[in-house]
Amino acid sequence: MAQAPATESLATGTDKGSAVSPSRPRDIAIEVMDLTAAYRDKPVLWDVDMSVPAGVLMAIVGPNGAGKTTLIKAILGLVDISAGRVLVGGKPYEQQRRRVAYVPQRGSVDWDFPTTVLDVVMMGRYGELGWIKRPGAREKQAAMEALDKVAMTDYAQRQISQLSGGQQQRVFLARSLVQDADVFLMDEPFQGVDATTERAIVTLLQELRDSGATVVCVHHDLQTVTEYFDWVTLLNVRRIASGPTRDVFTEENLRATYGGRMAWLKSASQTERSQD
């Protein structure tokens, strides 16, 4: 298990240099307090505190096994936690489900399930409709509008198993859009997509942020963090640092997060991007 660093950044939305004025604090969209989670007897998250202001586009960054996906699932109540508490908009997640949209890792989904793109997107309306009432014309229109935003309208009747990885990711983004959520949790939204799709997804996420939504993404490419995200949380079982990207995405904090692997990670990331 990764060892906790000697010090942790306590950057918050009221730190010097933040876009949030101390006299006008930003509402907190997600608050994680003293969160500990374990698989069997191995802690995956340890005593994590994290406050995510409303209206930011935030990356969760850290090495493999750092607990990034577990943190997302803990916020959603999808994994058991040993200690701590999570609030969304100041209330337990169970009371705020309709406000939250979730895009899981593409590899965790059974893409062989026999259903169309349009049907998958309309599933995003089930939280509003319930599982008994069937979606109607209004839900179909909303789904088509969401598909248009991700440039997938021509694939509405296509079976999801026939899509490329990037197209599948766009469909899941469209499904999240029809939920009319104001908090979006996304686990590796750029995984397995080409450069064109990645740029399209980034633009969409930034538009969501600019409209007032809070978007949190598990992210692995260190080279694009400062370009894509205005807020970042560095995680390695414990929270290393969290706050405005320009304040906490520093060499010191990255070394505390990744240790001696920093040089290799930067080199690999640069090579990957040069091949796009």
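This is a predicted model: local features need pLDDT of at least 70, side-chain atom pairs count only at pLDDT 80 or more; totals for chains, interfaces and linings use all residues.
Before anything else, one term: two strands count as paired if DSSP finds at least two bridges between them. E3 and E8 are joined by 4 bridges and run parallel. One of the residues to look for is leucine 57, whose bridge partner in E8 is valine 215. On to E7, which also pairs with E8 in the parallel sense, over 5 bridges. There, leucine 185 has valine 216 of E8 as its bridge partner.

The protein chain holds 10 helices and 10 strands. It has 276 residues, and 49% of them count as buried. If you take contacts between residues at least 6 apart in sequence, 69% of them join residues at least 24 apart. The accessible surface is about 13,900 Å², with 46% of it belonging to carbon and sulfur atoms.

How confident is the predictor? The mean pLDDT of the chain is 83, and 79% of the residues score at least 70. Of the elements, strand E3, residues 57-61, has the highest mean pLDDT, at 98, while helix H10, residues 262-274, has the lowest, at 48. Over residues 1-25 the pLDDT stays under 50, and the model has 41 contacts beyond four places in sequence for them. Residues 268-276 also stay under 50, with 12 such contacts.

Next, the aromatics. The count comes to 2 aromatic pairs. One of them is phenylalanine 190 with tyrosine 228, a tilted pair at 5.6 Å centre to centre with 55° between the planes. This pair links distant parts of the chain, 38 residues apart: phenylalanine 190 is in the loop between strand E7 (183-187) and helix H6 (195-210), and tyrosine 228 is in helix H7, residues 225-228. Phenylalanine 190 has a relative accessible area of 6%, so it is buried. Tyrosine 228, at 7%, is buried too.

Another ring to look at is phenylalanine 172. Arginine 175 lies over its face, at 4.5 Å from the ring centre.

Last, some backbone angles for those of you who like them. Glutamate 188 has a positive phi of about 55°, although it is not a glycine. You will find glutamate 188 in the loop between E7 and H6. Is it buried or exposed? Buried means under 20% relative accessible area, and glutamate 188 is at 13%, so it counts as buried.

Valine 237 is another non-glycine with a positive phi, of about 70°. Its place is the loop between strand E9 (231-236) and strand E10 (238-244). With a relative accessible area of 4%, valine 237 is buried.

How values were computed. Residues are numbered from 1 along each chain as its sequence is written. Side-chain values use heavy atoms; hydrogens and water are left out. Helices (H or I, at least four residues) and strands (E, at least two) are DSSP runs, numbered from the N terminus. Buried means under 20% relative accessible area, exposed over 50%, partly exposed in between (1.4 Å probe, protein chains only). Contact means heavy atoms within 4.5 Å. Accessible areas come from the Shrake-Rupley method with a 1.4 Å probe; for residues, only the protein chains shown count as cover. Rings of Phe, Tyr and Trp (its six-membered ring) pair if their centres lie within 6.5 Å; planes under 30 degrees apart count as stacked, over 60 as edge-to-face and the rest as tilted. A charge sits over a ring if NZ of Lys or CZ of Arg is within 6 Å of the ring centre and within 35 degrees of the ring normal. pLDDT is the predictor's confidence in each residue, from 0 to 100.
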